[in-house]
Amino acid sequence: MIKKNDHKKAWIALMIAVAVLVLVGALDNLPHVPSMLLTVLQKGAIYALVAVSMNLLNGFTGLFSLGQAGFMLLGAYTYAVLTVPVERQASVYQRYEEGGLGFSVTQSLGNSMGQFGLLLGVVICLILAGCVAGFFAWLIGLPVLKLKSDYLAIATLGFAEIIRAVVQYEKLGPVTNGSNLLYGFTGFTDFHLGSLKLTTVMPFLFSGLCIFVVVLLINSTYGRAFKAIRDDEVAAEAMGINLAKHKRMSFIISSFFAGISGALLAMFQASVQAVAFKAAMTYEILLIVVIGGIGSITGSAIASFLFVGCSEWGLRFLDNETTLKNFDAKVKFAVIFGVLIAAVVAFGLLSMKRKGEKLITRAAQGRPAVRWGAVLGLAVAAIALLWDVWFVISPRLKLPLLRSGFRMVVFSVVIMIMVLFFREGIMGDKELWDLGKKKRSAKAKAGVGNE
Amino acid sequence: MLDKILPYLLAGVSVGGQYALIAIGYTMVYGILRLINFAHGDIFTVAGFVMVYAAATMPLSVSIPLTIVLTVILGVMVEKVAYRPLRTAPRMSVMISAIGMSYLLQNSMWYLTGGLAKQYPVLPWISDRVNVAGTTTSRVTIITPFLTILLVVVLVVLIKRTKIGMAMRAASRDFETAQLMGIKINNVISFTFVVGSFLAAVGSMLYFSNYATVTPTVGAMPGLKAFVAAVFGGIGSIPGAVIGGFIIGICESLIKGSGLTTFSDAFTFALLIVILAVKPTGLFGENLTEKV
Amino acid sequence: MSENVLRVENATMQFGGVVAVDNLNLEINKGEIVSLIGPNGAGKTTAFNVITGVYAPSNGRVEFCGETIVRNHPQGKMKKLYKGQNPEMYTAAFRVQAENAETKDALEETEKERDSAAFTDKVLAPTPDVITKLGMARTFQNIRLWKSQTVFDNILIAKHLRRTSGLFSATFRLNRREEAAQRADVERLLEIVGLSEAKDELATSLPYGKQRRLEIARALATEPKLLLLDEPAAGMNPQETNDLTEFIGRIRSDLGLTVFLIEHHMDLVMDISDRIYVLDFGGLIAKGTPAEIQNNQRVIDAYLGVAEDA
C-alpha cells in the first residue's frame, strides 16, 4: 500500500519537474519575453539553491552560520579557473605572467564531444567546485562547530572574510587573478540544443537537481538526526547521535551546495570577482531564508524568487524620478496610495488584535509600556496619509522620495516588518506539499471515535 | 628602528582606542541581552553623517552635542523597535533582526546621501598636526588613547558605584532573576544603549578626524573589528573590550606598515578564530556550565 | 552469581568548589531493578550524568559489562580544588596495598584485567553517544522530546545509531530494507508502550504521562542493555504510577533489561526495586533491600520521615 502511494507521488513530482523545465525552455526561446523575467528566473534559481543550503544548516540542524558567501566564493573561483578557455587565459590573467591553468576542462571535453562534452565538463567542474567548498568546510568545521550559536556565527563570518582576503592575495594571482575580474569562462549561454537556447533551463536543471538531493537528505534518517540535533542536542547525544560528526556532516554538505551555487552564480554573471562575495551577500541569503521560513525548503525557493524578483525587477520603479502627467493621474495615484496605507494599517492592527497585543499596555510596574514598533508604524502611516491629502491639493506633479536608492530602503523596511511581525516567514516550517495535511491534534483524534 | 615603527604604533594606538570605544557598546549589550548588535557599526556611521550635515549648517559648538544626542536617540530607538519585541524570541531571530536593522540603516544612508562619499568636517584643535618624538601626526592620535581611558574609567566607576550600574551587572549575570527582583529591566537596557551609542558617537568623531571620508559602509569593518575586540577581551567585560581594541588596532597598524595590507583585515579574523578555538570566553571572560 | 552490568567506583563530581557527588560506589547486576533515592539536590541526576558521559567525573571509574568506559583523576585546575577521596587511585602513582609481593602482583593482575588503563594516567571520557552505543540509554528529569517531530519519528530517530547504511545510501534510498526493518521495530515499541494510536501526532501534543512513556520508548529504541530512568513517575497520579510500575516490571521480564532508576515516588520504589541506594549531599548514606532501607534510621532522618503516629 505505502509503496504504491510513494511511487505515485514520485511520478507526479517528476512530471511537474519536466513541465517546469519545458515551460522555462519555452520562455528562453519565445520572442517578446522580457529579458528581465529571464534574469529573475535564472538568478532566482541560483539563490534558491544557496538559500536551501543555508536552510539545511541553520534551519534543519540549528547551526547559525554566516559563512555562506565564503563558500560561494570558493565554488565560483574553482569553477571559473577550471573553465576559462585556453586561448583567453593570457588576456584574462594579464597582470600575471603565465597566469591561468593552461587547460580548460569544458573546452577540452567540449571540443571532443560537442554539447554533451560541454555538459559533462560543466558537471565535473560544478562538482569540483562543491568539493573544494566542502573541503574547506571540513577544515573549518573541526574547531568551529563546538562553539555556541552566536560565536559560531561570528567565527564563520570571520572565516568567510579570511577566505576572501586569501583569494585576493597577490601571490596566488596566477591562479585566482588576485583581486581582478575573472571572465570568459563557460556560461549558461554556451548551452544550446540544436538552435534552441537553454540559458534559463540550465540553472533550473542544476539547481533543481541539487535541491532535490537536499530534499532526499532531509527526509532520510540523517536528515531526521539533524532535526533532532536542532530540537534538543543533549537528547540527541543521549540517543546515540554523535554531535561532532553530524554537525560536521551538515556543515560540509551545506557548503558543498553553497559552492555549487557560487559556481552557478559565476556562470550567470559571466564574471567573478572576490570583492563581490562580502558578508552582505550572506545577509541577503539569510534574509531570504527567514522570509521563506526557517526549516522550509519550498519556502526558501519561493522566497528567493520573490526576493530576486522584487530587488531586480518589481520595485525598480521606486528608483526612478517620477512626474505624474496631470491632475487626474494625481487623484488616481492619491486614492490608490491612501487605500494601500489604510489596508496595511488595518491588517497590522487586526493581526495585533488577533495576537492579543495592544499599543500601550499598563505594565506591572504601573507605568504604561509602549510597543514602539507599532506606534512608529502608525505615525509613519498617519504622516503618509496627511501628505497624500496635501499632495492632491498642492500644484506639484512630481512624486517626492522616488529616486535612486529608495527601492532598497523600502525593501529593507519590508524585511524588518517580516522579521518583526511575521517571524515564521511565508511557509513557516512546512513544505508546499504539507499544506494539505495537518498534524491532527489529540483532541480531534479522540473526537473521531474508536478506530 | 623605533622611529620607523613609531608612526605605525601611534596610528595603531589611536585607531585601537576608537575600536575600543565601539567595542564597549558591543560588549555591554551582549553582556545583558546576549545579542550581537550588528547595527552598532552602522550607528557609528550615522554619527559620522550627522556630523557632516550638522557642521555644514551649524557652528561646531552646536553640531557636536547635536550629533551625540541624535546618535543616542537612534541607538535607543533601534533597541525599542527591533530588539525589544523579540526579547522572548529565540536567539537566532534577534540576531536576524539586528542584521536586518543594519541592512536598513545602510540602505537608508545610501539613499539619503546619494551614495557619494562625504567629507568629514575638520574639527579644530584635535585635527592639528603635532610633533611627537620626531614624527608628525594629528593631535587626534595623541588624544584618543587618553580620552578612551578616561571614558572607560568613568564608565567602570559608574558600573561599580551607582545603582544603575549594579542593575546592569545584575542583568548581565541573570536576566530573568534581575527582573524578578524588581529591576526595571527596560530602563537598564535603554541606558546600556545610551552609553553604547554615546561612546560610538565620540568614537566616530575621533575616527573620522583621522580618516575623513564617510560612506554608508564605512562603519562595517570597524564595527566588525570592534566586535572581535570585544570577543577577544571577553564578551561582557569592559576592560577586556578596551584591551582587545588596542591590541587589534596596534597589530593591524603594524601589519599595514609591514606591507601586507590585504591581510590587515584578515588578521583580525584570524585572531578571532584563534581566541574562539583556544579560549572562547576571551581573556577576561567567565566560564559557564549548562545544567542538564 | 549474577553478571555485573554496571559498576561505579569512587566516583566524585566536583563543580568548582562544590562537591556534587562524593565518592560514590555502586553496582548493578543483570536483570535487577535498582533505585537511587535521596532528597532534592542530593546529586542523583549528577550521578546519572557521570555514568552516561554527560560529565567526566573529577575522579573515579565506571565499568559497564566488565569494561571500563569512564575513568578520570583530578587534573589541571581540579588538582588544587579537589576535596574528595582517593585522588591518586586512577593515576600512574597508584600502588596496591598488599602484605607481600605475591599478593601484590595478583591484585595488580586482577586490577589490570578489569581496567586496561590501570596504573596509568589514562583518561577515558567518552561523549554520551559512545556510551549509548555500548548499550546504556537514559531518560531525563525534564522531558526532552524532539518537539517538531511526531511520536513515531521521535522513536525512529533513536534508532539512527544502529544504522549500518552511510550517508550516501540513506540519501539515495538504497537502504530500503534497513529502513523498513527499523520502522517495524518502532511499530513494535509503540505497541509495547501503548502509543500506537498516537504515532502521527506531534510529540508535544501528547498528555504529560504519555510523553514520559514516549521518552522511555525512545530510550528502548536504542537497544540498550541497561536503562536509566530519571524520575519517570514525576507528575503522575497514583493510577499512572501503578501502570508505570507494572510497565517497568515488564521491561525487565519481557525485554530482559536491567533498570536503574531515580525516583521520589516511594510506593513505586519500594514496590519494584530489588535494591536501593540512598544519596544525601552527594554521599552514599545507605544501601540495601527495600525492607532494610525503610528501617534505616539515617535514611528516615534524612529523607523518608516517619509516619505521623510513630
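**Close-up views of a predicted model**

**View 1. Chain A as a whole.** Buried residues account for 44% of the 451 residues in chain A. Remember as you look around that this is a predicted model. How do the contacts in chain A span the sequence? Among contacts between residues at least 6 apart in sequence, 78% join residues at least 24 apart.

**View 2. A helix of chain A meets a helix of chain B.** Here we look at helix α12 (residues 279-292) of chain A and helix α4 (residues 91-113) of chain B, whose axes come within 11 Å and cross at roughly 125 degrees. Because of that angle, α12(A) is oblique to α4(B). The crossing in which α12(A) passes α4(B) is left-handed.

**View 3. The residues where these two helices touch.** On α12(A), look for A:Tyr283, A:Leu286, A:Leu287 and A:Val290. Their partners on α4(B) are B:Ile96, B:Ile99, B:Gly100 and B:Tyr103. What kinds of residues make up this contact of α12(A) with α4(B)? There are 7 nonpolar and 1 polar, with no charged residues.

**View 4. Chain C against chain A.** In this view, 31 residues of chain C are in contact with 26 residues of chain A. Three helices of chain C, α4 (128-134), α5 (151-157) and α6 (167-171), each supply at least two residues of the side that touches chain A. Which helix gives the most to that side? It is α4(C), with 4 residues.

Methods:
Residues are numbered from 1 along each chain as its sequence is written. Chains are lettered from A and ligands numbered from 1 in the order in which they are written. This is a predicted model: local features need pLDDT of at least 70, side-chain atom pairs count only at pLDDT 80 or more; totals for chains, interfaces and linings use all residues. Axes are lines fitted to C-alpha atoms, for helices over the stretch in contact, and angles run from 0 to 180 degrees between N-to-C directions. Angles under 35 degrees count as roughly parallel, over 145 as roughly antiparallel, 65 to 115 as roughly perpendicular and the rest as oblique. A crossing is left-handed if the near helix is turned anticlockwise from the far one by less than a right angle, and right-handed if clockwise. Two residues are in contact if their C-beta atoms, placed from the backbone, lie within 7 Å. Ala, Val, Leu, Ile, Met, Phe, Trp, Tyr, Cys and Pro count as nonpolar, Asp, Glu, Lys and Arg as charged, and the others, Gly among them, as polar. A residue is buried if 20 or more other C-beta atoms lie within 10 Å of its own, exposed if 12 or fewer, and partly exposed in between; C-beta atoms are placed from the backbone.
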